[in-house]
Amino acid sequence: MHALDRAALRSQRQVYITFGLGNTYAMEIKQVREIIDFSDAITRPPGMPAFMRGMLNLRQQMISVIDLRSLYQMPPLDDAAHAKILIIERGEDRYGLIVDAVENIMTVNDNRRFTAPKMMRNPSAHGDPRSEMEEVIDIDGEGDQHKTLSVFECERLLQRLAREMPALAA
C-alpha cells in the first residue's frame with residue numbers, strides 16, 4: 001500500500017473520548033484540552049445561574065465550570081467519586097464540563113458516524129442532552145457490545161450557553 005493510500009485511510013478515522021452523563025456520550029478528543037478530577041475547590045460568585053458551578057483556578061488560569069446535569073435539568077449525581085471535568089478551550093476562554101465519569105478513548109472510522117434520527121433530537125426535551133446532538137456513532141460489537149453513542153458537540157453547547165447567559169456571547 002502506498003503512503004498516500006495509508007494517509008487517506010487514516011484521515012477517515014477520528015479519536016473519541018466517551019463519558020457518562022446519565023447515558024454514554026462521545027466527543028472528539030481534539031475538542032478536549034485535558035481531563036481533571038472533580039474538585040470542590042470551585043468558587044461560586046453570586047448571581048450565577050444554577051448550571052454554572054463556578055470558577056476554578058487551574059494553574060493560574062480561570063476556568064468557568066459548567067454542571068451539565070444542572071444545565072440539562074437532570075438530577076444531581078449521587079456519588080461524585082468518579083466525576084471528571086473536561087477542559088475545553090475556545091480562543092482565550094476555558095470551560096470545564098462536569099461529567100459523571102470518563103469511560104474510554106476509541107478510534108472510530110468516519111463511516112460509522114451518522115445523522116441522528118429526528119426523534120432523538122427533540123428540542124423540547126431539555127432534560128436530555130441528546131436533544132442538541134445531531135450525530136451518532138454506531139459501534140460494532142457482539143451482542144451487548146454493540147452501541148450507538150450520541151456525539152457531543154462543544155460548539156452547540158457554547159451556543160446554548162450564550163443564549164442562556166448573554167455575557168458569554170460578548
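Predicted model: local features only at pLDDT ≥ 70, side-chain atom pairs only at ≥ 80, totals over all residues.
Reader: What does the secondary structure of the protein chain come to?

Author: The protein chain has four helices and 11 strands. These are DSSP runs numbered from the N terminus: helices are H or I with at least four residues, and strands are E with at least two.

Reader: Which other strands pair, in the parallel or the antiparallel sense?

Author: Strand 2 and strand 11 (residues 147-151) run parallel and are joined by two bridges, with Tyr25 opposite Ser150 of strand 11. Strand 9 and strand 10 (residues 135-139) run antiparallel with three bridges, and Arg113 has Ile137 of strand 10 as its bridge partner.

Reader: Why are strand 8 and strand 9 placed at the edges of the sheet?

Author: The open sheet has six strands in the order 8-1-2-11-10-9, with mixed pairing. Strand 8 (101-109) and strand 9 (113-115) each have a single partner strand, so one side of each is left without a neighbour in the sheet. Neighbouring strands are turned by 35° against each other on average, direction ignored; the axes are lines fitted to C-alpha atoms, and angles between N-to-C directions run from 0 to 180 degrees.

Reader: Why is Val15 called partly exposed?

Author: Buried means under 20% relative accessible area and exposed over 50%, with partly exposed in between (1.4 Å probe, protein chains only). Val15 has 34% relative accessibility, so it counts as partly exposed. Val15 belongs to strand 1. Beyond residues up to four places away in sequence, Val15 touches Met27, Glu28, Ile29, Ile105, Met106 and Thr107, where contact means heavy atoms within 4.5 Å.

Reader: How do you know that the buried residues of helix 3 line one face?

Author: In helix 3 (residues 154-164), the buried residues are Cys154, Leu157, Leu158, Arg160 and Leu161. Seen down the helix axis, they fall within an arc of 160°, so they line one face. The arc is that of the directions from the helix axis to the C-beta atoms.

Reader: What makes a set of residues a nonpolar core, and which members of the largest one touch the most others?

Author: A nonpolar core is a set of buried Ala, Val, Leu, Ile, Met, Phe, Trp, Tyr and Cys residues joined through side-chain atoms within 4.5 Å. The largest has 26 residues, of which Met27, Leu68, Leu97 and Phe152 touch the most other members. Helix 3 gives the most to this core, with four residues. Another core, of nine residues, lies apart from it and includes Ile42, Leu56, Ile87 and Ile98.

Reader: How many of the 170 residues count as buried?

Author: Of these residues, 40% count as buried.

Methods:
Residues numbered from 1 in each chain as written. Heavy atoms only, no water. Pairing = 2+ DSSP bridges.
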